[in-house]
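Here is a short walk through one protein model, from the overall fold down to a few single residues. Have a look at the sequence and structure first, and then read on.

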Amino acid sequence: MNVFSIPKSDFKKITNIFNREIGRFVFFVFLLFFDSIYFAENVTNSQILINILMVAGFFKMYFRSNPRTKELMIYAVILGFIGEYFFSRGLHMYTYRLENVPLYVPLGHAALYGRIFMFTKSSVVRKYDKSIVQFFAVCISILAITSLIFFNDVFGFVMTICIFLLLWKRPKDRLFFFSMYILVVILEIGGTAFGCWEWPDTAFGVFKFLPSNNPPIGISLLYFLLDIGCFLIYTQRHKIAWNRLKNIQRNQA
């Protein structure tokens, strides 16, 4: 696998960037324990504390980000609120522990988006884009097949196939979306294991022919809607700069 051919010095840099940009977000997954069923039943309901911690973490990240990332994070928060209320409270595709939409969730979407964006835009990561993408693709395939075989997660497997098909002719987007897939898997497994939220045993609780695990492994497909929404808003607000970039890329092709 090409990822093992990356020079040790550059591999160390990539690992450090991954730990800095994404590792901190993974740490937050463990904080979800304080919004767990166990903690609520045996200690106290501390969802407010998690909300406060996420607000603090969000603004810390926001003020340390470049202007483009800041703007994208704002869009992600707005679309995150809309999407959460639509999918969870409107369509009942999944349910939070208190049957609400915790404040930390849409802020978490924005933080996740920002972390992945900063990781994938790092120069050393982009230098080995193809090798990292290949490695992530193998990991994702193993995750999806394992979930299908051991947890009968047909829904998650189908969504994973859809992700690969959507990215088939979009090689430049693979690093971002594959990174998101892996991080979302970690987030969803942590959240559902603690009982912070729950997915039904079939797709959206409606399609009986699509059995689902809790969580479905390929649920990052829905997160992609957030990225697409942020991207469209950004390009519409910066039409001149975006058209200039497309012309440069067209001339270089």
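## Overall fold

The protein's secondary structure comes to 11 helices and 4 strands. Its radius of gyration is 19 Å, close to the 18 Å that the globule rule gives for 253 residues, so the protein is as compact as a globular protein of that length. Please keep in mind that this is a predicted model.

If you turn the model along its principal axes, the C-alpha trace spans about 60 × 40 × 35 Å. Of the contacts between residues at least 6 apart in sequence, 73% join residues at least 24 apart.

## Inside and surface

How much of the protein is buried? Buried residues account for 47% of the 253 residues.

## Cysteines

How many disulfides does the structure hold? The count is 0.

Helix α10 covers residues 220-237, and Ser-220 is part of it. Is Ser-220 buried or exposed? Its relative accessible area is 0%, and because buried means under 20%, Ser-220 is buried. Setting aside residues up to four places away in sequence, Ser-220 touches Ile-163, Met-180, Tyr-181 and Val-184.

Ile-233 is found in helix α10 too. Here the relative accessible area is 30%, so Ile-233 is partly exposed. Which residues does Ile-233 contact, leaving aside its neighbours within four places in sequence? They are Tyr-75 and Leu-79. For a sense of distance, the C-alpha atoms of Ile-233 and Tyr-113 are separated by 15 Å, while the two residues are 120 residues apart along the chain.

Definitions and conventions. Residues are numbered from 1 along each chain as its sequence is written. This is a predicted model: local features need pLDDT of at least 70, side-chain atom pairs count only at pLDDT 80 or more; totals for chains, interfaces and linings use all residues. Side-chain values use heavy atoms; hydrogens and water are left out. Helices (H or I, at least four residues) and strands (E, at least two) are DSSP runs, numbered from the N terminus. Buried means under 20% relative accessible area, exposed over 50%, partly exposed in between (1.4 Å probe, protein chains only). Contact means heavy atoms within 4.5 Å. The radius of gyration is taken over C-alpha atoms; the globule rule is 2.2 Å times the number of residues to the power 0.38. A disulfide is a pair of cysteine sulfur atoms within 2.5 Å.
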